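Subject: Two-chain model, handover and notes

Hello,

Here is the structure you asked about. My notes follow below it.

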Amino acid sequence: MKYMDKSIEELHEMLVKGDVTSDELVKESLERSHEIQDKCNAFVTILDDAKGCEVTDNLLSGIPYGVKDNYSTKGILSTGSSNTLKDYVPFFDATAIVNLNKAGAIKVNKTAMDEFGMGGTGTTGHTGVQLNPWDRTRICAGSSSGSAAAVAAGVYPYALGSDTGDSIRKPAAYCGIVGYKPTYGMISRYGLFPFASSLDHCGVLTRSVRDAAIVVNTMKGIDPNDMTSWDSSKMDLLGSCTGDVKGMKLCYVKEICDIENYPNASHELKEHLENFKKTIELARNIGMEVDEVSVDRKLLNAVFSVYRVIHSAEATSNMSNLTGIIFGPRGEGDNYIDMIKDHRTKGFSPLIKRRFVIGSYVLQKENQERYFKNAQRARRMIVDTWKNLYKKYDAVLCPVGVGPAKKFTELDLKQDINTMSLDEHLQVGNFGGFPSITIPNGFVSNLPVGINITGNCYEDEKVLNIAYALESAMDYKGQVVKEVK
Amino acid sequence: MTKYLAKIGLEMHCEMSETNSKVFSSSRNSYESTPNCNISAVDMAFPGILPVVNKEAVKKALMISMILKCSQPEFFYFERKNYYYPDLPKGFQITQETKPIPAGIYGEVEFECGDEIKKVRVNNFHLEEDAASLDHFYSTSNIDYNRAGVPLMELVTEPDFHSASEAVAFLEHMRSVYQYAGVSEADTKKGQIRCDVNVSLMDASLDESDPNNWGTKVEIKNVNSFGGVRDSINYEIERQTELLENGGVIEQETRRWDEESQSTIHMRSKADAIDYKYFVEPNIPKYKISKEWLEEIRNSIPELAMDRKKKYIDKFGLSSYDAGVLVKEKAISDYYEECVELGIDAKVASNWVTVNIVGELNKEDKSISEFYITPSMLKQITDALATGILSSKQAKEVFFKAIENNKEPKNFISKENAQISDKDELTRIICEIMDNSSTQIEQYKAGKTNLFDYFVGQVMKNTRGKANPVMTKEIITDELNKR
């Protein structure tokens, strides 16, 4: 019997009825963890001594889950998949973890990721690359690569992720599952290793919209330790999943979604966008209006650069605490400068170092106006454009990525400048702190692809309900990789 | 020296000691000699921590900003100042630059310098966090994180001072402001005040109001005592004068004050200036400062030293000197005010505090909070003095006996040793003495007037010093005239 393929609500019912015990679930989840570790290298740590617990009214009680390794977990190794923290065992839990602990949720592993969330391929972590369980020659995308692989492979019904550009929502699409980041500040970031503070979001990867609602309902809440958090106690995310979407208005951006934008489109891209069109038809069939809207292409083309400039700047500052003096392996050297240099030279992957250089460059006095400040201005313009759309529309629909997951062998290929805005548009959700969810919407070349729904700030309930309605009209809810080959 | 005019500016850092917790964390804000006992994950920048602004610290900073006659911002922001140093756990300091507007901008302060009132313009005033403290040994350094995250106020003046005395007078004034406002102990011994000083020399014959006439500025970092400020400014003026006199050119540079050699030493030149890559702290949302809150803060500004001094002179009739002594330290002024409130005559209380108490404190190197005699105990003495139970000599004796024995003065004031102020009784005693001193009376009448003291002495001997001296003198005069 495979329990871990089931949804949270199914498992809860079985636990309450006594059809299965929490211990049995944990045992299965741990066995699956080892299997998927062997096949996909999805974890930094597997918590072999995890135990079941008492089942309460809380839907999450007694059910195993995974934690991305950039969440601070008390007494449990938390590396952020970086050599700079390879032996770091925190003495405090992230607020989201505290909330899940209270609910009786059971951590069974810490999932591997791109180092500190930087990178979108699941290849930069200090424990090696994560393989896509659908096809192990392909990437999961990142940075929540381990979480996505594990949920897709049925290790447990959900795993925590974090999302600074698209780090939950893209791997979710590539692994055929649901990835949700709520409005900025709904879940406290206290205890999340920072990447770019103004863009960082906590969130979750699941196999259904309802499961995502259940988990975030538990993770969220105003936190005295995070000044950017806000009171969402009146928001019932699960209750909002009614499926009643009649009269809702959606839109999609022509400059991103129209195949005419891509004269050299690959077969997969064509199929992907065709599939997107089908989902739009589906949305109309279940009672929503869907319009095509136009957004200045210059603005869309700026998204990637704006994202790169802002996140690099914030990251280089945020990670200045990684010196190896207070925690992390102490570097060698005759003075503190050499010690810090040694620690950071040995500790960081080349990708991160590159972004630190960019970050420092754009913050320098003589460059700040031209790069950092302009990026902030452009960010504001992009967010305003989206907010304008939300005056008329309940949400913006978009296909995720340019097709299914790439092969590892394709990673070195230069990014196609023409499809950049299609590949990078999810970052708009981080610019504005918008609630944003990816759900699977079919297959291209036998590999899963996804669609993204992004709404206005504080309208998480609406966004989840739209996602729930679309999910219910399709056949991909709860899908698990049948066999990881 | 008259050839050059020195222009001096100060960056005065003062820890805000009077908040319960640190400026961005919930650790206790308290000076401790035991290292690393007031620390938390936030102070040591463990991964995942976030700053939470201490509203009380913001309130106090805004209060100082008002006292400095600065403008207050509409929104409160913080910024990151990025640099690596072992005392800076996050690798950046959360501070405020001049843009967006910090806690205060463009103010003016009046302060006493000798007998003159001087003015200095304030460029800006901001709230930030202190760094950890470092102890350097031969081959290692120790880091104490108690200080990391302690609220720190930075006051930046325009280069309006012209001498070391002016700069030091201003620092003393500000120390008093911080103490009176209830914001900081402002204790240099605890390292709570630290200064950066900048000095430039200009041709004294030129117009000072035109910045083009100013000389090149040299900054002196990390001067940690008022004496150091005085000495480093004087040293720098001398050094620069000599350089200019010998045809040299002043380079824009940063130097440091070396206590040991009593000189400034080159640290870095302008070309090596650090780029701190400031940007707005993303984890602290901008905070709207309401007009109501500002008004509430304005109304809660306590009486400052200059206000009290004025009151002491105008209302209590004290001399400017005594009033100055009383307000120099807030704790002493508070003690004095309590005395007056208890009903001790303002001038009497002033005499006791400025002479006996301050003298005793200086002698014992104690602070008034450690002093045994409280204002209500002092009142026991002054009451007895007023009613004539004690002579002023006895009062002083009681004062010292109380300190010596740690016993309330009333234990040493009794009817038995009370002063004799009964006129009949004194007259009886004096008559008895005179009856036995006919020779002395004759001599006195014959012109030996200094024998008056002989009679006083006899009375004191007879009463073991308890006779009321004023009354004694009156009665003796009367009796001598009668005979």
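Contact here means heavy atoms within 4.5 Å. The model is predicted: local features need pLDDT of at least 70, side-chain atom pairs count only at pLDDT 80 or more, and totals for chains, interfaces and linings use all residues. Residues are numbered from 1 along each chain as its sequence is written, chains are lettered from A and ligands numbered from 1 in the order in which they are written, and side-chain values use heavy atoms, with hydrogens and water left out.

**Cores**

A:Tyr71 also belongs to the largest nonpolar core, which has 159 residues. Such a core is a set of buried Ala, Val, Leu, Ile, Met, Phe, Trp, Tyr and Cys residues joined through side-chain atoms within 4.5 Å. Buried means under 20% relative accessible area, exposed over 50%, and partly exposed in between (1.4 Å probe, protein chains only). A:Tyr71, A:Tyr158 and A:Trp386 are among the residues that touch the most other members. Helix H9 of chain A gives the largest share of this core, nine residues. Helices (H or I, at least four residues) and strands (E, at least two) are DSSP runs, numbered from the N terminus. A second, separate core has 100 residues, including B:Val109 and B:Tyr312.

**Interface**

At the interface, 39 residues of chain A are in contact with 31 residues of chain B. The two chains bury about 2700 Å² between them, 66% of it on carbon and sulfur atoms. Buried area is the accessible area (1.4 Å probe) that two parts lose on being put together, summed over both. On the chain A side, A:Met227, A:Ile326 and A:Tyr336 lose the most area to chain B, together 23% of what that side buries.

There are zero salt bridges between the chains, a salt bridge being a side-chain nitrogen of Lys or Arg within 4 Å of a carboxyl oxygen of Asp or Glu. Twelve residue pairs are in polar contact across the interface, both residues at pLDDT 80 or more. A polar contact is a pair of N or O atoms within 3.5 Å; within protein, one must be able to donate a hydrogen and the other to accept it, and residues adjacent in sequence count only if both atoms are side-chain atoms. Helices H9 (297-318), H10 (336-347), H11 (350-363) and H12 (365-392) of chain A each give two or more residues to the side that touches chain B.

B:Arg194 sits in strand E10 (residues 193-203) and is buried, with a relative accessible area of 15%. The side chain of B:Arg194 reaches the backbone oxygen of B:Gly191 at 3.1 Å. Beyond four places in sequence, B:Arg194 touches residues including B:Glu11, B:His13, B:Asp130 and B:Asn224.

B:Asn224 lies in the loop between strand E11 (218-223) and helix H3 (226-245) and is partly exposed at 40% relative accessibility. B:Asn224 and B:His13 are 211 residues apart in sequence and 9.6 Å apart in space, C-alpha to C-alpha.

**Backbone points to check by eye**

The peptide bond from A:Gly142 to A:Ser143 is cis, with omega near 5°. A:Ser81 is not a glycine but has a positive phi of about 55°, and counts as buried at 0% relative accessibility. B:Asp365 also has a positive phi, near 55°, and counts as exposed at 69% relative accessibility.

Regards
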